[in-house]
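Have the sequence and the 3D view open as you read.

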Amino acid sequence: ATLSRIDALLTGAVTAILIRNNKELLEKYAFRFFITSIIFFTAGILLARSFFFLKLAPFYLAADIAFACLLVYMLSVDHKNATLKNFLNQKVFIFLGKYSYGLYVYHYILYMFFKDYFIRHIQAVVHNYWAAFFITGTLVIFVSVVVSILSYRLIELPFLKLKKYFV
């Protein structure tokens, strides 16, 4: 992956701008971009002959575009995807969406901080690397959610309240 994941951030930003300013154009071409992106990403996997993410870094932009277009396409066709909209409007997704920035920022830092220590100590108890890896991942997800909630309430909300003075 790119160091900053600027490709994913740029894809999200362009998608958001198009949703706000030219939704019809986005809806018209979303499925075509999705198919094209999937073809490029699949070609990248075949060329790299690997699913290892560092070898696929140049092809992540295609994956980012594919998922953005798929989401726009699925959410824009009202009559076909009411089930998907209902699914994505469940409380757990609204909750995760509210704290998603914190989850994005903190999860990797927390994983890198905890992984060696927890995997080693848990593996000593359960005697299975994959079980220790899974337990560590679960703990990191839980800690990431807690840190994200604290960050949202203590850092993000105060700054969001200042928005009215600058917009």
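## A serine-tyrosine pair

The side chains of Ser151 and Tyr106 make a polar contact, at 3.0 Å. Bear in mind that this is a predicted model, so treat the distance as a computed value.

Where does Ser151 sit? It is found in helix α7. Is Ser151 buried or exposed? Its relative accessible area is 8%, under the 20% cut-off, so Ser151 counts as buried. Setting aside residues up to four places away in sequence, Ser151 touches Tyr106 and Glu156.

## The overall layout

Zooming out, the chain has seven helices and zero strands. Reading along the sequence, you get α-α-α-α-α-α-α.

The chain has 167 residues, and buried ones make up 26% of them. As for how the chain meets itself, take the contacts between residues at least 6 apart in sequence: 58% of them join residues at least 24 apart.

## What's packed inside

A bit of background first: nonpolar side chains in soluble globular proteins tend to be buried together. In this chain, the largest nonpolar core has six residues: Leu26, Ala30, Phe34, Ala66, Cys69 and Val72. Which elements give two or more residues to this core? They are α2 (23-48) and α3 (60-76).

Leaving out its neighbours within four places in sequence, Cys69 is in contact with Ala30, Phe33 and Phe34.

## A greasy patch outside

Now turn to the surface. Which residues form a nonpolar patch there? The members are Phe142, Val146, Leu150, Leu154, Ile155, Phe159, Leu162, Tyr165, Phe166 and Val167. Together they have about 1200 Å² of accessible area.

One of the patch members, Val167, is found in the segment after α7 (129-162). Why does Val167 count as exposed? Its relative accessible area is 83%, and exposed means over 50%, so Val167 qualifies. For contrast, go back to Ser151 in helix α7, which is buried at 8%.

Notes:
Residues numbered from 1 in each chain as written. Predicted model: local features only at pLDDT ≥ 70, side-chain atom pairs only at ≥ 80, totals over all residues. Heavy atoms only, no water. Patch = residues over 30% accessible without salt bridge, like charges linked within 9 Å, V, L, I, M, F, W, Y side chains within 5 Å. Areas by Shrake-Rupley, 256 points an atom, 1.4 Å probe, with all protein chains shown as cover. Salt bridge = Lys/Arg side-chain N within 4 Å of Asp/Glu carboxyl O. Helix = DSSP H or I, 4+ residues; strand = E, 2+ residues; numbered from the N terminus. Buried < 20%, exposed > 50% of the residue type's maximum accessible area, 1.4 Å probe, protein only. Contact = heavy atoms within 4.5 Å. Core = buried A, V, L, I, M, F, W, Y, C linked by side-chain atoms within 4.5 Å. Polar contact = N/O pair within 3.5 Å; in protein donor to acceptor, adjacent residues only side chain to side chain.
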